[in-house]
Structure formats: structure tokens, C-alpha cells
Amino acid sequence: MTLLNNERTLAHEVVEDSNPTNNTDFQTIINRRLNRRSILKGGTGLTAAAFFGALPLVGCSEDDDSSIVGDDDNAAIPAQGDLKRPDTLKFEAVAHSTADTMTVAAGYKAEMILPLGTPLNSGIEDWKDNREQSAESFEWRMGDNHDGMWFFGKNGNAYDAKASENSLLVMNHEYVNSSELSPFGYYVTQDNDAAPIFQNRRLASDVRREVNCHGVSVVELTRRADGMGYEMVPDSKYNRRITSSTTAQLAGPVAGSALVKTKFDPTGYQTRGINNNCGAGLSPWGTYLTTEENFLGVFARGQDASQLSAGDNYARERYGATENFPGWEYLWHTPEAKDAKIADEFSRWDMTAVGASAAEDYRYGFNTFGYITEIDPFDQNSIPQKRTALGRFAHENCAYAPVEQGKPVVFYMGDDARGEYIYKFVSKAMWSNLDIGGGLKAGDKYLNDGTLYVAVFNEDGSGEWKALVHGQNGLDAFNSVLPFNGQDEVLVFARAAADAAGATKMDRPEWVSVSPMTGDVYVTLTNNKYRGVRDDQPVSASNPRSYQSSGKALGNDNGHIIRWAEAGGDHAATSFEWDIYLFGAPSDLSAENLSQLNDNNDFSSPDGLYFDPRGVLWIQTDDGAYTDTSSCMLLAALPGKVSDGSMTTTSAGQSTRVGTSASNDNIKRFFVGPEGCEVTGITMAPDFKTLFINIQHPGNTWGAVAGGSIPRSATVMITREDGDVILAESFDTADSTT
């Protein structure tokens, strides 16, 4: 038996790096084999396309169980209405903390709900600390490592964007803490006579349990009798798990492509499972958009390069799948099974080409993961749709720009790996308010046909979107990065297409959110240990820091948040202007504290990001660089707009633009999680009286049953002690610890 040290934090700490290109930031297409680079130096002038517009009000219709009900001012995200954004943040900032409890601002209450293993229906026993729950029972339990989520107001049997009494809370489960799920811990047997990827084998029951703990949970909630917060509705017909075994439909240009044909579906239209679901988003018509991020970790690849084309080999390696790659510690491909059907249950996680054709193995199973997947929580019989037109990469989340009648729908996305890119998708179909409540049919209309773009951030504060369309920007059969023979190849190998288009390598693009006040788009760039260290990732205006902190090596240890304004206020535009909203840093790291953070608001490694409909920006952290001082946290912020700050120069000598300095009025620490955790996933009830966040991989015994020792991820429900709107007024008492 092998017990991995600190298994809880394994997937949390692993960040896939597979960008071998020598793309110089801010330049045009170059050959990936070039070794020398040049850096464009531009002017320092920046004129912001500052524009202000309220979140549009869209109409709706009452139809069947999956419709949205209400009057003409109902919308997928409720408009601001009478609730305005605060002028200043008046609550008392939460202090740094490394305790094994959670701390929230004075006057608020933080309560844990829906921890790992919670049964969604009766007849399933409660979670027990002995971890002897059957693998199969997790098809009807809360999964592990809660992440992105959304609160879907419910009125009768339909979605109502303004309803707060009853709802469906839909959330992701990103990965598993293997040693805390199985009664045997992380159990591995050694088989040194097997092929390299099979030398460590796992139990079938453990793998099934983990497969069922990935994916998405749909849980019906109702307001508690005292009016404070919510409780689960047991046995609701909407309570549902979608896991790594659930059949999913491939939709859009890749559906039916030879690149996604497998033994499971030789036609290339279906696959099994959604995986490593990280951030999330809402569609303008009221469905849930979940993302597949670190899908690489559950797959293995043996020695098969000689059986594949040079293009196939490069395309696999571009996503981290080199030869003799056993995957991360999941090892889902390794359980032994004599029965052919059971064997197929596990062999689908092995992408090695072993058959005479793709229809006889799972060489292309890997290509069926890494997509934005749409789920209709109000239609419990619907099949999740993998929207391939939005590209395949390590999706962190998906955020749409405010929609406008007769104009395209625009979605923004980040690829969370060091040196990867920022993307947007512009629908071919023009938005119609009549599609509110249209469910997956509306998704077919807006998400299956459109243009995928990748971002280039220029040194002078300008930027451009490069279309990833077959036949444009060199994306054809003669491309020197990777030959592209059709749009299906461009989308399946979106990273390579972005390489060829000359996209800007960023410091781990994660969550995206769009300001309802200005329309500016914000993206967290969590950190990057390679920035200014590797020749292919030098400092640049949009990624300007490389420094040493607390004896650690050079790199961007604390991350930053970048933002941009699209030209003319048009989110479908192909040019933009940008600046850096905030630099993460300890307040005493004077040379790198370029946003002038203090003890009340300093942070490191921004990750989750969410504008509530009033325009308050909530920032979450996933950090390993500042945790000696404080556990991961949630901050509230009141941003301005692009170009509201000044020029600055980093310690690396790089000039860049930074937004208005931080102050106690415009950003404060609102919540600190328990030791060892990540604070992630965020949504708010439409009446602004309940804020939901998630806690992943907590340390010590946070989330454990009474008297238990197994920590569990869970959702945290934050309410005002007086039941009023969150951030409605200030409090003067001491911090409140729950």
C-alpha cells in the first residue's frame, strides 16, 4: 500500500504546463522552432474607451418547466433595480488568519452547508467518518471539492431570475481528495512487470467512487422558516448528480469529427462524463455553463507515438499528454477486470492507440474533454451538451457580456495553465429576448456556431482579438505550428491554433467577470513561476513582474488582475484597450506592492472573480505564497474603469499601467477561510441577502462530522445577522468568527 503525503492538496497544487512555443508576447505568427525572441516596445499613451451602461433588461415568456417566468423586466441576471452599488466599503476589514476556522466581517454569519457526501435523497445513509459509503451511492451524494456555482431562482417549476424564496443551487466538483474518500486511504498495488503506465494499480471501487465525486450537483433549496438562509429540499425531483460517467453530447463543429470517434461512440457524437469542473457561468437564456479544466490528470498515454501522425503527437503533447504519461495520481485506467464491459469502464481513461482504428480503442477519448458544457437544471432528463465551438483547453470559467437585442452574444474564457491564453466567443446568431427560458435549444442557437478569438495584449495598452478560424491567420494545412485541415482541428487543438495566431502568453488566466457598470472585462492572472525565468515568458507590459519574495525563486508569485474595454463599447469588437486593475502582494513587499495594498486588503494569487449585479466585485484567492500570514480569502472591491490610474515601473524594469490605488474605501478583506483551503465558487441570491461561496480542501478537521477527523469541502452561506442586504451598511463591532 502506498499512501501519498499530503494527498489532499495534490490536485490543488498541480498546474499543467505544456506550452512549448516561443510565441513572443505581442508579435505576429512565428515558427514554434525559433529559439530567439524579440519584444515589441510601444508608446505609453492610453486613451480608455470608458463607457457606462446599465445591465440591459430583457423580456421573457412563460412556457414549460424549463422556461423563465416573470414580466418584461426579468433577466437571466437580475438588473440593479433600486439597489445601488455602495459608494464606499464601510464594514470593518477581517484580519489575517491562519486558524482552522473561518472568519467573516462583523455583523455577518457564515454557515457551512452541503458538505462532501451529503445525501441528495432519502434512503441513502448519512456520511460517516469511516468512509465506508459505497462507490455507487455517490451518484446521489454531494461530490468533492466544490467549486463554481450558480443560484437559479425558482418559481413553480420554472427559472425566475428574481425569485429568492426557492431555488436550484448548481455547483461543480473539481477533483477528489483520494485519501479521504476511501476506507483504505490512497491504496495502490505495485506491478513492476506491467507496462509503465500500469505499474501502479488502483482498486475498482476507489476509482468508481472518485468518478462519481467529479462533475456537477443540482440541489433544490428553500428559504428557512426564520427567513435566514436556505436548506435543501430532500427528495426534490430536481436533485441530481452529473458525473464522470454521465453520457454527454458533443455539439457544434467538432461533433462527428474523426478526432472524437471512440469505441464508445464510433460516430463521434457522444462521450461519457464531464470532468475536473472548475469555474462556472450562466447563459443569458438561463442555463448553467460548467467548465472542464485539468482533464489531463485523469488520462494516461502509453508508448504509441510510432502509430500516430506527427500532428497527432504534437497535438497530444500540447495538452501535456506525452508518451508513457500515467496521468496524475488518479490512475483511473488501472483497475484490472476480466469482464470486457467492466474493463471498458476503466480503459476509456487510457488514450493509447492499441487498436487498428479509433473505433477500436480510446485514442481520441482525450479529445472529448476540455469543453464548456451546458446543463439545463430545470430539465432533469436533459443530456449535458459539450459546446465545442468555444474551443478545447483548460477552461477556468465562462462569463458573458451584457446582451443586447439584435447583437451577437459574447462569452469570455481563460485557459488556466502557465503561459496560456485568454479567449472570447462571438455567436453568429443575433440575440433575441424571446430566447430567455429556451433551455438547451437556445444553446444550440447561440453556442454551436460563431467565431472563437484569442487575445493579443500590446505593449502600448492596446490589444486585438485574433480569429481562430480555419483559413484565417495562417490556420491551414501549411501551418508550421500544426497543420489544420478543418475547423474541427482548429477547435480540438485550440491551444496550437492560438500559438500560431501569435496570442499573448499570460500568467495563468482564470476567472473572468464583466462589470455591469462599465462593461469592462476583468480576468484573474493567478501567478506564474516561469515569468521572467524562461526565455519564452519574459516580462511584458501585461505580465510585468518577476521578483524574489521570502527567499523564493524569481517569477510572478502573487499574481494580478487585468482588465480591458472593448473598442466603442462593443463586445464583439476585434480591438480593445487594457490596464492592470490590481497587483497581488503582501503589504510589506514594497517593491512589488504596486497597488498600495495595506493590512486590510493585501492578498495573493487571485482566482475566483464575480461582479454581483450592483457592480460590487468579489475576489477570491487560491494561494501558496502568502499562507504563512493568512489563509485564502474573499475580498469585496469597488473598481473604477480602464485607465483610471497611472503608469508604473516594476522592479524588473517593466513599464505598465495600473488602476487607481487600493484604499480602505475601495477594497477590503470580507472573509478568511480555514487553514489549508482555497476559497472558490461564488453566487448570490437575487435579493442580495445571501452570498454563497465554496471551501475546497480545508485543513485540520473543518467540515468533518461531529467528533470526526476527516475534513470535507463544503458550501458556505453568508448572511447579515439582521437579515438585511449584504453590504448595506457598516458595522463597528469586532470580527465575527464562525
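# Reading a predicted model: a tutorial dialogue

Q: Which residues of helix α4 are buried?
A: In helix α4, which spans residues 310-317, the buried residues are Asp312, Asn313, Tyr314, Ala315 and Arg316. Please keep in mind throughout that this is a predicted model.

Q: How many helices and strands does the protein chain have, and what percentage of its residues count as buried?
A: The secondary structure of the protein chain amounts to 8 helices and 37 strands, and 64% of its 738 residues count as buried.

Q: Which residues of helix α6 are buried, and why can they be said to line one face of the helix?
A: In helix α6, residues 439-447, the buried residues are Gly439, Leu440, Ala442, Gly443, Tyr446 and Leu447. When one looks down the axis of α6, these buried residues fall within an arc of 150°, and therefore they line one face of the helix.

Q: What covers the buried residues of α6?
A: The cover includes the strands β14 (288-292), β15 (372-375), β16 (385-387), β18 (408-415) and β20 (422-430).

Q: How are two packed helices described, and at roughly what angle do the axes of α3 and α5 cross?
A: The general idea is that a pair of packed helices is described by the distance between the axes together with the angle between them. In this structure, the axes of helix α3 (residues 204-213) and helix α5 (residues 340-347) come within 11 Å and cross at roughly 55°.

Q: Is the crossing of α3 and α5 left-handed or right-handed, and which residues make the contact?
A: The crossing of α3 and α5 is left-handed. On the α3 side the contact is made by Ala204, Val207 and Arg208, and on the α5 side by Ile342, Glu345 and Phe346.

Q: Where does Ile113 lie, and which residues does Ile113 touch?
A: Ile113 lies in strand β2, residues 108-113, and is buried, with a relative accessible area of 10%. Ile113 and Ala714 are 601 residues apart in sequence, yet their C-alpha atoms are 6.2 Å apart in space. Leaving aside residues up to four places away in sequence, Ile113 touches Arg224, Phe692, Ala714, Thr715 and Met717.

Q: Is Asp588 buried or exposed?
A: Asp588 is placed in the loop between β27 (575-583) and β28 (606-611), and at 67% relative accessibility Asp588 counts as exposed. The C-alpha atoms of Asp588 and Asp602, which are 14 residues apart along the chain, are separated by 9.3 Å.

Q: Which values of phi do Asp235 and His697 have?
A: Phi of Asp235 is near 65°, a positive value in a residue other than glycine; Asp235 lies in the loop between β9 (230-232) and β10 (240-242) and is partly exposed, with a relative accessible area of 44%. Phi of His697 is near 30°, again positive in a residue other than glycine. His697 is found in the loop between β35 (690-696) and β36 (714-720), where His697 counts as buried at 0% relative accessibility.

Q: How many disulfides does the structure hold, and how far from Cys632 is the nearest cysteine sulfur?
A: The structure holds 0 disulfides. Cys632 is in no disulfide, and the nearest cysteine sulfur, that of Cys677, is 5.5 Å away, whereas a disulfide calls for sulfur atoms within 2.5 Å. Cys632 counts as buried at 1% relative accessibility, and Cys278 counts as buried at 2%.

Conventions:
Residues are numbered from 1 along each chain as its sequence is written. This is a predicted model: local features need pLDDT of at least 70, side-chain atom pairs count only at pLDDT 80 or more; totals for chains, interfaces and linings use all residues. Side-chain values use heavy atoms; hydrogens and water are left out. Buried means under 20% relative accessible area, exposed over 50%, partly exposed in between (1.4 Å probe, protein chains only). Helices (H or I, at least four residues) and strands (E, at least two) are DSSP runs, numbered from the N terminus. The arc is that of the directions from the helix axis to the C-beta atoms. Contact means heavy atoms within 4.5 Å. Axes are lines fitted to C-alpha atoms, for helices over the stretch in contact, and angles run from 0 to 180 degrees between N-to-C directions. A crossing is left-handed if the near helix is turned anticlockwise from the far one by less than a right angle, and right-handed if clockwise.
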